[in-house]
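Please keep the sequence and the structure in view while reading.

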Amino acid sequence: MPGLTIGDVIPDLLVDTTHGPIQLHEFIGDGWAVMFSHPGDFTPVCTTELGKMALYAEEFEKRGVKLLGFSCEDVASHVEWIKDIEAYTPGCNVKYPIVADPNRGVIRQLNMVDPDQKDSSGEELPSRALHVVGPDKRIKLSILYPATTGRNMDEVLRAVDSLQMTAKYKVATPVNWKLGEKVVISPSIPNQDADKMFPQGYETVKLPSKKEYLRFTQIRSRL
Ligand code: BEZ
């Protein structure tokens, strides 16, 4: 069976976390969630990643996004590990829950297993998987990094901004876009509709093909 991917509804699992049991769909509610997995507690890259996420938690909260970490050890281990995470990243406070998954049932169902990594007893390990889940409980974006490459949490935040912008308006975000910059009008929107949809106006870039598909407009964001 192919693994969970973009467009799929995440399974409504009951998971054990540092904040007690959490039912995934109820946790997401009407908002968004970033669910991110880690190869293990007390490992160097993961320790830096969870601290950075905690520093950015307020930014995610402003966007209506809940954070949920995953690592395979048990809750007692996570609680001990959080002390290291907070010591390493000054000013961070890990307030988001971390799922415990000693039997790997959760990471398997969420397609977060690294096929190349096993622990000393031959058990599967999570990859650095990250799903952004929308209010409809569907995966809107998924990234997959190997254990040896830490993620860029600025990029996660930027991608959330793009997902939320493009969920609301018939636009797409161009290369290296950041919140506040111009967006492009979706190619499926003909000019006569674009005129009505974007009363603020738009600029069409002149291209050698003479095709009018690269149209920039400004959308004021309210964060
Ligand atoms: C780390 O988090 O640093 C890590 C974990 C597993 C393999 C390699 C690095």
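## Domains

Domain bounds are those given by an automatic or database domain assignment. Here the protein is divided into domain 1, residues 14-151, and domain 2, residues 169-217. The centres of domain 1 and domain 2, taken over C-alpha atoms, are separated by 36 Å.

## Basis of the model

This is a predicted model, in which local features need pLDDT of at least 70 and side-chain atom pairs count only at pLDDT 80 or more, while totals for chains, interfaces and linings use all residues. Residues are numbered from 1 along each chain as its sequence is written, and side-chain values use heavy atoms, with hydrogens and water left out.

## The ligand and its surroundings

The residues around the ligand are Pro 39, Thr 43, Pro 44, Val 45, Cys 46, Arg 128 and Ala 147. By class, this shell holds five nonpolar residues, one polar and one charged; Ala, Val, Leu, Ile, Met, Phe, Trp, Tyr, Cys and Pro count as nonpolar, Asp, Glu, Lys and Arg as charged, and the others, Gly among them, as polar. Helix H2 (residues 44-62) gives the most to the shell, with three residues; helices (H or I, at least four residues) and strands (E, at least two) are DSSP runs, numbered from the N terminus.

Polar contacts are pairs of N or O atoms within 3.5 Å. An oxygen atom of the ligand lies 3.0 Å from an N or O atom in the side chain of Thr 43. Polar backbone atoms also take part: an oxygen atom of the ligand is 3.3 Å from one of Pro 44 and 2.6 Å from one of Val 45. The protein covers 77% of the 260 Å² of accessible area that the ligand has on its own, by the Shrake-Rupley method with a 1.4 Å probe.

## The pockets

On a 1 Å grid over the protein atoms alone, a pocket is an open set of points where a 1.4 Å probe fits, with protein on both sides within 12 Å along at least five of seven lines; lining residues have an atom within 4 Å of a point. The largest pocket is lined by 17 residues, of which Ala 54, Ala 57, Glu 58, Glu 61 and Lys 95 lie nearest its centre. The largest share of this lining, six residues, comes from H2.

The lining of the second largest pocket includes Arg 63, Asp 161 and Tyr 169. This lining has five nonpolar, two polar and five charged residues.

Technical notes. A residue is near a molecule or strand if one of its heavy atoms lies within 4 Å of it. A polar contact is a pair of N or O atoms within 3.5 Å; within protein, one must be able to donate a hydrogen and the other to accept it, and residues adjacent in sequence count only if both atoms are side-chain atoms.
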